[in-house]
Amino acid sequence: VQLQASGGGLVQAGGSLRLSCAASGSISTINGMGWYRQAPGQQRELVATITRGGLTDYADSVKGRFTISRDNAKNTVYLQMNSLKPEDTAVYYCNAHLIRIGGPHEYRYWGQGTLVTSPA
């Protein structure tokens with residue numbers, strides 16, 4: 001099983017980016033998916049999560065600016081980031097709680113991270 005994140009880059013403050021993360025491999029079911037971020041010298045923090053049914057949750061710092069969504073048919077989670085701020089600069093990681101074919105246990109997998117830079 002692999003999670004491949006993409007879409008990071010350099011964008012001026014106030015701009016937008018859309019991150020994608022596709023899961024592939026011997027997957028039976030993907031339950032919760034999410035995005036985390038880690039800024040230099042700081043701990044990894046939760047950005048947003050989404051259940052298989054589409055229920056979402058956000059860190060207070062991104063509410064109203066970021067939107068998480070998913071396409072279950074494509075095993076992909078997205079993060080639309082608008083009104084970016086310098087403090088959003090970080091490496092963004094996706095994760096997925098999934099059950100592999102042959103199951104039955106659920107495990108958490110992480111993507112490789114994608115860098116988002118938003119200078120002032």
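Let me begin with a definition, since what I say about facing residues rests on it: two strands are taken to pair if DSSP finds at least two bridges between them. Please also keep in mind throughout that this is a predicted model.

With that in place, I would like to start at strand 1 and strand 3, which run antiparallel and are joined by five bridges. Within this pairing, A5 stands opposite C21, a residue of strand 3.

Stepping back to the sheet that holds these two strands, we have an open sheet of four strands, paired in antiparallel fashion, and its order reads 1-3-8-7. The edges are formed by strand 1, covering 2–6, and strand 7, covering 66–71, each of which pairs on one side only. Going from one strand to the next, the twist averages 15 degrees.

Now let me return to C21, the residue that A5 faces across the strand pair. Which residue does C21 join through a disulfide? The partner is C94, with an S to S distance of 2.0 Å, and the structure holds one disulfide in total. The pair links distant parts of the chain, given that C21 lies in strand 3, residues 17–24, while C94 lies in strand 9, residues 90–100, and the two cysteines are 73 residues apart.

As to the geometry of this link between C21 and C94, the angle about the S-S bond is 55 degrees, and the link is right-handed. Are these two cysteines buried or exposed? Taking under 20% relative accessible area as the cut-off, both C21 and C94 are buried.

Methods
Residues are numbered from 1 along each chain as its sequence is written. This is a predicted model: local features need pLDDT of at least 70, side-chain atom pairs count only at pLDDT 80 or more; totals for chains, interfaces and linings use all residues. Side-chain values use heavy atoms; hydrogens and water are left out. A disulfide is a pair of cysteine sulfur atoms within 2.5 Å. Buried means under 20% relative accessible area, exposed over 50%, partly exposed in between (1.4 Å probe, protein chains only). Axes are lines fitted to C-alpha atoms, for helices over the stretch in contact, and angles run from 0 to 180 degrees between N-to-C directions.
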